[in-house]
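Please open the model in your viewer and keep the selection tool handy. We will go from one stop to the next.

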Amino acid sequence: ISSLVLFLVGAGIVQEVLKNLKPFEDVPVVSVETKKQGDNNETSEVLQKPVKEGVKVSKGFYDTNLSEKELENALNYFEGVYRPNLGIDFSKDNKAFEVTAAFSGTVTKKDNDALLGWIVTVTNETGVSATYQSLSEVNVEKDAVIKQGDKIGTSGENVYESELKNHLHFILEKDNQALNPEKYFNQEVS
């Protein structure tokens, strides 16, 4: 009988403890670091447009969430085939304009392509890459380390998107996946 009484008392204590316990709750924790004056630690850059004011987007990124008319405008027609535009195109009334680095990084490609014009690719330390196509002249060399805002080159024309005349084709990629640059402008490059 005493064993039964001890068991029941123990079970009652355990039930009372369990009843008073609160369930585990996820609490969001945000770590915010502030840069103190004189602190040399670099903060992550935000993606900037590779062009100055007055240069507009003439052809957008092909995204299945677009309206039918926007989807049609985001296709490239070449040699009888429609292909999705996996970058965005900037133009300025068929006038040449300066093209600048959207973020800091290393020039991993510099090539003069018969269809696409001069091509420059810049890759940062997190593996994000920006490709600048349809350049008429290039101001950087392969393997050069450049800073955000440095001049990459000058816009130009190419055979692949000849209907756009003088323009810049800008591609943003991470892990070989094309991203819509317009969704990432003014966001951290990482």
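Is Gly127 buried, partly exposed or exposed? Select Gly127: with 33% relative accessibility, this glycine counts as partly exposed (buried is under 20% relative accessible area, exposed over 50%, partly exposed in between, with a 1.4 Å probe and protein chains only). Before moving on, note that this is a predicted model, in which local features need pLDDT of at least 70, side-chain atom pairs count only at pLDDT 80 or more, and totals for chains, interfaces and linings use all residues. Residues are numbered from 1 along each chain as its sequence is written, and side-chain values use heavy atoms, with hydrogens and water left out.

Now show the loop around Gly127, which runs between β7 (117-123) and β8 (128-138) (strands are DSSP runs of E, at least two residues, numbered from the N terminus). Next, select Glu173, Lys174 and Asp175: Gly127 is in contact with these residues, leaving aside neighbours within four places in sequence (contact means heavy atoms within 4.5 Å). Then pick Val189, 62 residues from Gly127 along the chain; their C-alpha atoms are 9.7 Å apart.

For the last stop, colour the chain by pLDDT, the predictor's confidence in each residue, from 0 to 100. The protein chain has a mean pLDDT of 85, and 81% of its residues reach 70 or more. Select residues 24-41, where the pLDDT is below 50; this stretch has two contacts in the model beyond near neighbours in sequence. Where pLDDT is low, the predicted coordinates should not be read in detail.

Terms used:
Helices (H or I, at least four residues) and strands (E, at least two) are DSSP runs, numbered from the N terminus.
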